[in-house]
Amino acid sequence: MGARPVSVLRWRPMRAEDIDGVVDVARTAFPDHFEARACFAERFALFAPGCFVLADPVTAGVKGYLVAYPWPLGAIPPLDSLLGTLPDEREAFYLHDLALHPDARGLGHAGPAVRRLFADLRALGGQEVALVSVNDTLAFWRGQGFAAVAADEALRRKLASYGPDARYMRRPI
């Protein structure tokens, strides 16, 4: 067997024209947690500094994305919902999604996206990031320094819509 090809994909800031590619990757990565195009477009419009895509620099084809935005700790937005506005506070952030197309998995792209996000959020004064682990990703997120935290009853009800393995996790920046 030959060596695995070297990936030319690179993380870069998301652009408005990337949204359709982001939706395509999301549909593949999260078939049980579909979110409409409007959700991704709104999050990009509300907080572009937290939106990145993994793309081929030649074709600009999107093979992954990361979306994060300011959000209160201990709270998660309902799936497939518009936020309307973001809180003025910029100490806590919510990592909404990190997704890779199956063609881009296993090539070491996820870790650099998380490191880049944390560096950018640190520069913005962020102190902590939270997320919901789904689709058996708990071990990956633990490897990125996140820890599962106990959820109160209201948060447990919201987590239920994310599936039985959903866990609320946090990590200091």
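**Exercise 1. Find the element that holds arginine 43, and decide whether this residue is buried or exposed.**

Step 1: Arginine 43 sits in helix H2; helices (H or I, at least four residues) and strands (E, at least two) are DSSP runs, numbered from the N terminus. This is a predicted model, where local features need pLDDT of at least 70, side-chain atom pairs count only at pLDDT 80 or more, and totals for chains, interfaces and linings use all residues. Residues are numbered from 1 along each chain as its sequence is written, and side-chain values use heavy atoms, leaving out hydrogens and water.

Step 2: With a relative accessible area of 1%, arginine 43 is buried (under 20%; exposed is over 50%, partly exposed in between; 1.4 Å probe, protein chains only).

Step 3: Its contacts (heavy atoms within 4.5 Å), not counting residues up to four places away in sequence, include Glu35, Cys51, Tyr69 and His96.

**Exercise 2. Work out the strand order of the sheet, and name the strands at its edges.**

Step 1: The order is S1-S2-S3-S4-S5-S7-S6, an open sheet of seven strands with mixed pairing (two strands pair if DSSP finds at least two bridges between them).

Step 2: Strand S1 (10-13) and strand S6 (147-148) stand at the edges; each has a single partner strand, so one side of each lacks a neighbour in the sheet.

Step 3: Now look at one pair: S5 (residues 128-133) and S7 (residues 167-172) are antiparallel, over six bridges. Alanine 130 has arginine 170 in S7 as its bridge partner.

**Exercise 3. State the mean pLDDT of the protein.**

Solution: The mean pLDDT (the predictor's confidence in each residue, from 0 to 100) is 92, and 96% of the residues reach 70 or more. Over residues 1-6, however, the pLDDT is below 50. Where pLDDT is low, the predicted coordinates should not be read in detail.
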